[in-house]
Amino acid sequence: SYLSPWNKELPTTPSIMGIYLNLLLLQYFEPTDKQAKSDGYCGRILRAQTQGTRRDGYNEFRLRVEGDPENFQPASTYRVTLHASSPSYFRGFTLIALKEGKEGTTDDHYAGKFQIIDEEDTQFMTNCPPAVTESTPRRRTRIQVFWTAPSSGSGCVILKASIVQKRIIYFQDEGSLTVRLCEKEAVFGETTEKPPLECCACGTAKYRVTFFGNWSEKIHPKDYPRRANHWSALIGASHSRSYVLWEYRGFASEGVKQVAELGSPVKMEEEIRQKGDEVLTVIKTKAQWPAWQPLNVRAAPSAEFSVDRTRHLMSFLSMLGPSPDWNVGLSAEDLCTKECGWVQRLDQDLIPWDAGTDSGVTYESPNKPTIPQERIRSLTSLDHPQSPFYDTEGGPITALARVVVERIARKGEQCNIVPDTVDDIVADIGQEEKEEDDTPETCIYSNWSPWSACSSASCDKGRRMRQRMLKAQLDLSVPCPHTQDFKPCMGPGCSEEDVSTCMMSEWISWSPCSESCGMGMRYRERYIKQFPEDGSICSLNTEETEKCVVNDDCYTILCMLSPWSDWSVCSVTCGKGVRARQRMLKSPDLGECTEELEQVERCMQPECPMDCMVSEWTEWSECNKSCGKGHTIRTRMVKLEPQFGGEPCSETVQRKKCKIRKCKRGSREKRRGKQQGRDAAVEEQPGCKMKPWSSWTDCSKYCGGGIQERLMAVKKRAKSAPAQVTSCKDRKEIRACNVQPC
């Protein structure tokens, strides 16, 4: 097996599959003993990245430094993302930052330092600490980490990534999996405190954000809340880099908490507006009840916002309800490009995240505040067995929503380096024509109403009308016209352009292919923006499907394989373990076969029994009699109740006989009886007066054996009391109670 030479140097990962993915990086070369001793595990990783076989189509994966800078500012921190374009994905990855021209054989060859954002997704490689790899092998389309650039004088840096997708590995020295950054040259008089990424775009850009909810009983059937499922009102803003609305590994503000737990955007909007010039536009849409409806029944909610050079980031969030504190959203999405232009379109699947303010694990868990508050983190499929997203195999959570951000207009002089496309120019002109209006800026109107029905019921010319309300007139000396608008029309059936015309949205991006290997199906949707005004039914398709092929060579490899064996017995008899299955290669002479011959997956057995745990015995109590026969007791506490069939708790109270001295006959103690014997004995001591016994305390346990106490305090001790009176002191009496089994 190609795995065996490296068994003693494997990184400690939480899964056998994690070991398997990391070792895939080593199968493309055979290092000599001299090499292995000189450069260690990191060197072999790097050599694999330079010697690996490249595959056509590798541009489906991309390594990106936020803002796409060409230079780095020493000691500044950057967000680095590795993502796959739909329908591709990756299971494992390795990410390294190396000084240009260095081989990675010594520690000083590495540049800067990575910082983990989400420990559920990424971790440092154990045997190669400068490298970042996956925490849990599973399908994923995106990971992100922070990278702090090295100090001044480090020269250029190469950030390199490798991708593992089954047994196919993608490496690159140049292209979409490699980023080269050089140290930014200092300019005289320039401070080093500027933000690491400056937007160089000119003018402003206007965008429309559309939210497509995908959270439904069909897609997410486990424990789906049928009665009250909904999306809260979407709330967000376009803002500057100095304002953080929310971010992974950060703490939720009070506004974020109220959205996450209550679905209320009021406090969040208040926080946003308090930021003043740091915010350009507040983004809001209405709540959606229920959470999902077909697009031809209910249009997807959308809102428009603007960005400029200083406020070019966009953030928002929306709660899925009911839930403890679960949301989806975007955080500080940069709409400014390195070419000094504006992003034309952003299409992003949304995975739920936890705000860190409530510890519930199901949709309808009772309120359970998290104290102390935890950091915001992505939900995963291994969080808790009762979670609606739980998956024993640790697979990815199916996206709950998709957001589409489209640029709809640009205003002002633009300075983008890349020339405009025809689509850019047409979109801007179309928006200008649409918005061409001589309305004074001092007049504030409501939105236009829908167009009325045509005034003509025949094929004679008529007209339609729409209206808007004047909400405010900021300058009374300037008139506010145009509260009505008209356009020509004809009656139903008289114009081909007018009859049964549906106004449709653009097609949403294609869904991922239904198969991860070979031929499958994919679909896309659009929605009806406006129904025909003559009342007819809209017959245009709102959904399309087509065939798709992923890794089309995966079934053409020259391999003759036996069927998979049955899954082995789980490696544990209780709790979490692993199981495996194998198949054999029947045709070893036909060439290299890259199909996997063994598969490993997680398995879950019944919970392991947990025996009862008890504390050590207490000291024996005082005898409960001052003379004659009595008893003394000792107790111990139950530290852990038995669970899942564990051994039950043994006795928690023990009693034994005790005898202090014989009681004297004829004494007042004998005459008063047993109940008051000890009281009288103490009170009759010369020079000693005692208070009455206190009431018995409540039993320390409801069942299983507890204890009660009562006290007698000294009321008065004579100064001339004889020295032999030793019992003139506060006394305590203990007795067993509630000894019945629980």
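**Disulfides of the predicted model**

Cys-574 is partly exposed, with 22% relative accessible area; this class lies between buried (under 20%) and exposed (over 50%), using a 1.4 Å probe and protein chains only. The model is predicted, with local features needing pLDDT of at least 70, side-chain atom pairs counting only at pLDDT 80 or more, and totals for chains, interfaces and linings using all residues. Residues are numbered from 1 along each chain as its sequence is written, and side-chain values use heavy atoms, without hydrogens and water.

Cys-574 forms a disulfide with Cys-608, at an S to S distance of 1.9 Å; a disulfide here is a pair of cysteine sulfur atoms within 2.5 Å. The link is right-handed, with 95° about the S-S bond. Cys-574 sits in the loop between β30 and β31, and Cys-608, 34 residues away, in the loop between β32 and β33 (613–614). Strands (E, at least two residues) are DSSP runs, numbered from the N terminus. Cys-608 is partly exposed, at 29%.

A search of the whole structure returns 11 disulfides. Among them is Cys-570 to Cys-603, with S to S 2.0 Å. Its S-S torsion is about 80°, so this disulfide is right-handed. Cys-570 lies in the loop between β30 (543–550) and β31 (576–582), whereas Cys-603 belongs to strand β32 (residues 598–604). Both cysteines are buried.

Cys-200 and Cys-340 are also bonded, with sulfur atoms 2.1 Å apart. Here the torsion is about -105°, so the disulfide is left-handed. Cys-200 lies in the β11 (178–183) to β12 (204–213) loop and Cys-340 in the β18 (326–334) to β19 (345–350) loop, so the pair ties together parts 140 residues apart in sequence. Cys-200 is partly exposed at 24%, whereas Cys-340 is buried at 12%.

Terms used: Helices (H or I, at least four residues) and strands (E, at least two) are DSSP runs, numbered from the N terminus.
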